[in-house]
Amino acid sequence: MNIVVLIKQVPDTWSERRLGGSDHTLDRDSADAVLDEINERAVEEALKIKESGEGEVTVITMGPERATEAIRKALSMGADKAVHLSDPGLHGSCVVQTARALAAVIGTLGDVDLILAGNEATDGTVGAVPAMVAEVLGLPELTHARKLTVEGRTVTVERETDEAVTVLQADLPAVVSVHEKINDPRYPSFKGIMAAKKKPVTKLSLGELGLAPGEVGLAGATSTVIESTPRPPRAAGQVVTDDGDGAAKLAEYLIGQKLI
Amino acid sequence: MAEILVLVEHTDGEVKKVTGELLTAAARLGAPSAVVVGPPGTAGKLRDVLAAHGAAKVYVAESDEVDTYLTAPAVGVLASLVDSVRPAAVLIAASPDGKEIAGKLAVRTGSGLLSEVVDLAADGTATHSVFGGSYLAKSRATTPVAVITVRPGAIDAAPTPGAAAEESVQVPAMDRARTAKIVERRSIEGGDRPELTEASVVVSGGRGVGSAENFAVVEKLADALGAAVGASRAAVDSGYYPHQFQVGQTGKTVSPQLYVALGISGAIQHRAGMQTSRTIIAVNKDSEAPIFEIADFGVVGDLFTIAPKLTEEVTKRKG
Ligand SMILES: Cc1cc2nc3c(=O)[nH]c(=O)nc-3n(C[C@H](O)[C@H](O)[C@H](O)COP(=O)(O)OP(=O)(O)OC[C@H]3O[C@@H](n4cnc5c(N)ncnc54)[C@H](O)[C@@H]3O)c2cc1C
Ligand SMILES: Nc1ncnc2c1ncn2[C@@H]1O[C@H](COP(=O)(O)O)[C@@H](O)[C@H]1O
């Protein structure tokens with residue numbers, strides 16, 4: 001089984017995240033960068049499938065040079081190899097271009113059976129790239145999986161959203177995005193961290209991928225950010241300590257604000 | 001005036017609230033056309049509500065196959081309408097399904113995707129709330145058609161009558177090799193409380209609530225206030241409350257008039273889902289809890305003594 005996992009490096013949600021520059025793209029230097037937690041879960045799921053039979057797990061990322069750290073994390077968890085699409089020409093790509101570029105990278109890998117991804121990235125929260133990649137590749141997508149099983153050439157997913165749990169089925173090859181309830185990702189072991197250093201990471205530029213400038217990047221983007229402003233932070237209000245009258249004071253406040 | 005397509009969200013023969021919001025937003029850009037995709041007989045039940053919310057046209061795409069597939073029928077219908085109608089924009093709710101329909105439609109039609117918009121101007125400029133509300137960003141599509149997902153609850157619906165002239169359109173045949181099939185569907189009961197993203201009051205419980213049984217304390221206060229119930233990820237992970245009620249970075253984003261946090265520390269990822277609420281109230285026994293940094297009114301104390309008393313006060317006031 002040839003499994004691909006789409007991983008993304010994102011600003012750590014624990015740090016203060018900023019938009020910057022004249023093009024209002026992510027200020028990548030302002031926050032710590034980490035492998036998005038949902039992608040750790042996608043890697044975990046890939047490893048579980050590999051361990052229950054046989055197969056190879058390739059992680060793919062499109063992102064700046066620095067994203068090698070995220071790749072190392074995935075490799076130290078146990079993924080076998082990586083492809084890193086990195087090129088200055090990618091800067092400012094829109095989400096449609098991102099999906100096309102990721103699909104092109106997948107296309108360089110030969111016969112792929114299963115493509116795993118997170119259901120939504122914590123930075124852009126688009127929640128659509130896996131379905132968009134599937135659209136480009138002409139493959140079925142089974143998204144928001146809280147449970148995934150592969151039997152023979154059939155993939156079955158329990159998809160969880162607010163309204164329903166839906167059981168979806170398709171034939172491989174297929175794209176599956178995972179929900180945060182699917183598993184708890186493993187921590188890389190010392191052995192895994194050491195092994196990761198020797199695992200192959202293929203760097204691809206746009207030229208090597210055969211994508212023309214304009215197919216990706218700010219200039220040919222189908223959407224652009226024209227303005228960004230930080231929202232003023234909330235100020236702390238009044239804090240009282242409960243001496244038996246805490247609830248009464250709270251009620252008073254709510255009445256004062258006409259909230260009850 | 002250019003047509004603006006609005007994909008209608010509906011369940012059990014009823015139009016969902018967000019659709020009214022989308023029709024209102026669409027009217028700012030052009031002539032709103034509602035697009036109904038469903039099994040035969042769906043549109044008839046929805047038409048009056050769509051007319052009341054200003055739909056000039058209602059495209060009716062009905063087929064028995066629709067319930068067998070998740071998003072593909074809607075993508076197919078919208079793509080063929082984009083081709084024939086040449087709308088200036090397609091508006092879709094930023095729900096999990098809506099986001100995927102929009103993404104696929106943007107790829108198929110080569111259109112710009114503007115995601116999770118919280119406001120929309122007449123010239124097509126979209127406003128986004130970025131990084132849990134820390135930034136407001138504005139964007140535009142550079143393509144003839146913009147595909148836009150709009151966050152539920154962000155734009156107030158302003159009902160205004162429309163002609164709602166019906167026109168039937170075909171649901172394109174599904175390519176089964178490219179489309180996952182629904183083999184089973186279990187609805188999650190919403191219950192009688194308001195929907196989390198629509199509620200004007202939200203009462204949330206965190207790990208401090210301590211158990212699933214204890215969540216009754218949170219629910220009672222919520223019911224007294226006519227509120228929706230929310231939960232922190234720690235509460236969800238501990239099995240106190242179901243995932244669909246999670247508020248935060250990887251849960252729901254809510255922006256109610258009043259948000260009440262009970263036994264929630266206020267981690268940055270929780271704040272990302274609620275810090276744009278109008279008024280924030282917190283009860284926590286730790287005076288150092290970061291939730292107090294953003295609360296308009298905080299009480300340092302035990303939620304198990306304060307919440308029931310507050311419930312009583314609220315109930316008394318209602319008479
Ligand atoms: C990628 C990522 C995404 C995340 N997404 C989310 C998300 O969507 N939503 C989310 O909530 N979190 C999210 N988190 C987790 C977040 O970091 C915190 O772990 C979580 O919010 C903590 O929940 P909590 O405040 O209920 O628990 P805790 O931090 O354990 O706080 C419990 C609080 O209860 C108080 N308390 C205890 N007993 C009482 C009592 N009797 N009376 C009053 N107060 C009491 C304590 O003083 C404490 O402050 C995410 C984390 C990551 C890394
Ligand atoms: N630049 C990228 N490189 C690799 N994978 C990505 C990239 N962007 C998005 N993805 C994948 O798509 C998922 C959902 O992201 P999104 O649709 O952007 O919210 C992520 O969790 C990743 O698995």
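Hi everyone, let me start with ligand 1: residues from chains A and B surround it, so the site is shared between the two chains. Please keep in mind that what we are looking at is a predicted model.

How many residues surround ligand 1? There are 28 of them, and the closest are R207(B), S232(B), S265(B), Q269(B) and N284(B). Two of those come up again when we turn to polar atoms. The side chain of Q269(B) places an N or O atom 2.7 Å from an oxygen atom of ligand 1. For N284(B), a polar side-chain atom also sits 2.7 Å from a ligand 1 oxygen. Then there is Q246(B), with a polar side-chain atom 2.9 Å from an oxygen of ligand 1. If you care about areas, ligand 1 taken alone exposes 980 Å², and the protein buries 84% of that.

Now over to ligand 2. Here the shell has 18 residues, and L6(A), I7(A), A121(A), G127(A) and V129(A) come nearest. By class, that shell splits into 12 nonpolar, 4 polar and 2 charged residues.

Which elements of chain A each supply at least two residues of this shell? They are α1 (37-52), β6 (56-62), β8 (114-118) and α4. Among these, β6(A) gives the most, with 3 residues.

The polar contacts I picked out for ligand 2 involve the backbone. A nitrogen atom of the ligand is 2.9 Å from a polar backbone atom of M62(A). On the oxygen side, a polar backbone atom of G118(A) is 3.0 Å from a ligand 2 oxygen. V129(A), one of the nearest residues, has a backbone N or O atom 2.8 Å from an oxygen atom of ligand 2. As for cover, ligand 2 on its own exposes 490 Å², of which the protein buries 97%.

Just after the helix, G138(A) takes a positive phi of about 70 degrees.

While we are on backbone angles, chain B has a couple for you. R86(B) has phi near 50 degrees, a positive value in a residue other than glycine. You will find R86(B) in the loop between α3 (72-85) and β6 (89-93) of chain B. E116(B) is not a glycine either, and its phi is positive at about 55 degrees. This time the residue belongs to a strand, β7 (residues 112-120) of chain B. Is E116(B) buried or exposed? Its relative accessibility is 12%, and the cut-off for buried is under 20%, so E116(B) counts as buried.

Back in chain A, there is a cis peptide bond to look at. It runs from L172(A) to P173(A), with omega near -5 degrees. P173(A) is placed in the loop between β11 (164-171) and β12 (174-178).

Finally, a look at the surface. F190(A), I193(A) and M194(A) form a nonpolar patch there, with about 310 Å² of accessible area together. I193(A) belongs to helix α5 (residues 190-196) of chain A. Its relative accessibility is 37%, so I193(A) counts as partly exposed. As a reminder on helices, an α-helix has 3.6 residues a turn, so residues three or four places apart point the same way.

That's my tour, and I'm happy to take questions.

Conventions
Residues numbered from 1 in each chain as written. Chains lettered and ligands numbered in written order. Predicted model: local features only at pLDDT ≥ 70, side-chain atom pairs only at ≥ 80, totals over all residues. Heavy atoms only, no water. Patch = residues over 30% accessible without salt bridge, like charges linked within 9 Å, V, L, I, M, F, W, Y side chains within 5 Å. Areas by Shrake-Rupley, 256 points an atom, 1.4 Å probe, with all protein chains shown as cover. Salt bridge = Lys/Arg side-chain N within 4 Å of Asp/Glu carboxyl O. Helix = DSSP H or I, 4+ residues; strand = E, 2+ residues; numbered from the N terminus. Buried < 20%, exposed > 50% of the residue type's maximum accessible area, 1.4 Å probe, protein only. Near = heavy atom within 4 Å. Polar contact = N/O pair within 3.5 Å; in protein donor to acceptor, adjacent residues only side chain to side chain. Nonpolar A, V, L, I, M, F, W, Y, C, P; charged D, E, K, R; others polar.
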